[in-house]
Amino acid sequence: MDNEPKEIELKLRIDPQDIAALRNHPRFAMVLPEPIRETLNSIYFDTDNRFLYKHGLTLRVSQIGERRIQTVKTATSAFLERSEWEQAIESDQPDLARWRESALGPLLTYDVRNALQPIFETRINRRSYGLNENGTEILLAIDEGQIIATGSYCPICEIELELKRGNPRELFKIAREIVSSVPAQLDVKSKPERG
C-alpha cells in the first residue's frame, strides 16, 4: 500500500494567551498574514469496545461550513506520518460503502458496520496560514476548541504544522522557532487519542 495518501504533521500544544504573542513575534509577524478562518465540527465514530481505535484507525465526519467530509486515518510506522483518506459526503453519518479501498474496508464486517456509533465530537475554531519555507509548502493551523464526550469535555489549543509539499525537515525547523518564541510543547497525542 505504498500509494496510500499520506499526511505528515507536527502538533504543538500552546496556551491560548500565547497565540497573540506568536503572531506578533518578529519571526512570524511578516509570514502570518490574515488567516483563513474556519469552524470545524467533527463527529468520531467507533464501536462501544473501540474496535477501530484498537486497529489503529479513526473514522470521522466533519462539517466545514456547508460541506461534509468523511475521513479515515491510520497510524503508520513512520513518526508523525499517517495514511489518510477523505471524501465529500451528503450526510452527518459515514457513507461506509465508499471505504472499500482504504484500510477501513477489510474491517467493515456486518457486525462492525451495525455497531458503529458516535463516540465523541470536536468543535474547533481554526485559523490557518500558508507558509513557504525554502520551497517547502506548510499549512500552519491554530486550533482552539474542545473535545466533547458524554458527560465531559477537554479544551484544545494547538498548532498543527502540516507538510503540503517539500522537505519534512522544515516542519521541525518551524516547530523549533515556535518553541523558542513562545511556550509551546510537542504534542504526540491526536484528537482521537484524547477523545
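This is a predicted model: local features need pLDDT of at least 70, side-chain atom pairs count only at pLDDT 80 or more; totals for chains, interfaces and linings use all residues.

Q: How do I read strand pairing, and in which sense do S2 and S3 pair?
A: Strands (E, at least two residues) and helices (H or I, at least four) are DSSP runs numbered from the N terminus, and two strands pair if DSSP finds at least two bridges between them. Here S2 (residues 36–46) and S3 run antiparallel over six bridges, with Ile 43 standing opposite Val 61 in S3.

Q: Is S3 mostly covered or mostly open?
A: Buried means under 20% relative accessible area, exposed over 50%, and partly exposed in between (1.4 Å probe, protein chains only). Strand S3 (residues 57–64) is mostly covered, with seven of its eight residues buried.

Q: What about Ala 141: buried or exposed?
A: Ala 141 counts as buried because its relative accessibility is 1%. It lies in strand S7, and its C-alpha is 6.6 Å from that of Leu 161, 20 residues away along the chain.

Q: How many residues are in the largest nonpolar core?
A: A nonpolar core is a set of buried Ala, Val, Leu, Ile, Met, Phe, Trp, Tyr and Cys residues joined through side-chain atoms within 4.5 Å. The largest one has 22, and Ile 14, Ile 138 and Leu 161 are among those with the most contacts inside it. Strands S1, S6, S7 and S8 and helices H1 and H5 each supply at least two residues of this core. A second, separate core of 15 residues includes Phe 45 and Leu 108.

Q: Which residues lie nearest the centre of the largest pocket?
A: Rolling a probe the size of a water molecule over the atoms shows where empty space is left. On a 1 Å grid over the protein atoms alone, a pocket is an open set of points where a 1.4 Å probe fits, with protein on both sides within 12 Å along at least five of seven lines; lining residues have an atom within 4 Å of a point. Of the 31 lining residues, Leu 40, Arg 60, Lys 73, Glu 86 and Arg 126 lie nearest the centre. The largest share of the lining, five residues, comes from S2.

Q: What is the phi of Arg 50?
A: Most residues other than glycine have a negative phi. Arg 50 has a positive one of about 60° although it is not a glycine, and it sits in the loop between S2 and helix H3 (51–54).

Notes: Residues are numbered from 1 along each chain as its sequence is written. Side-chain values use heavy atoms; hydrogens and water are left out.
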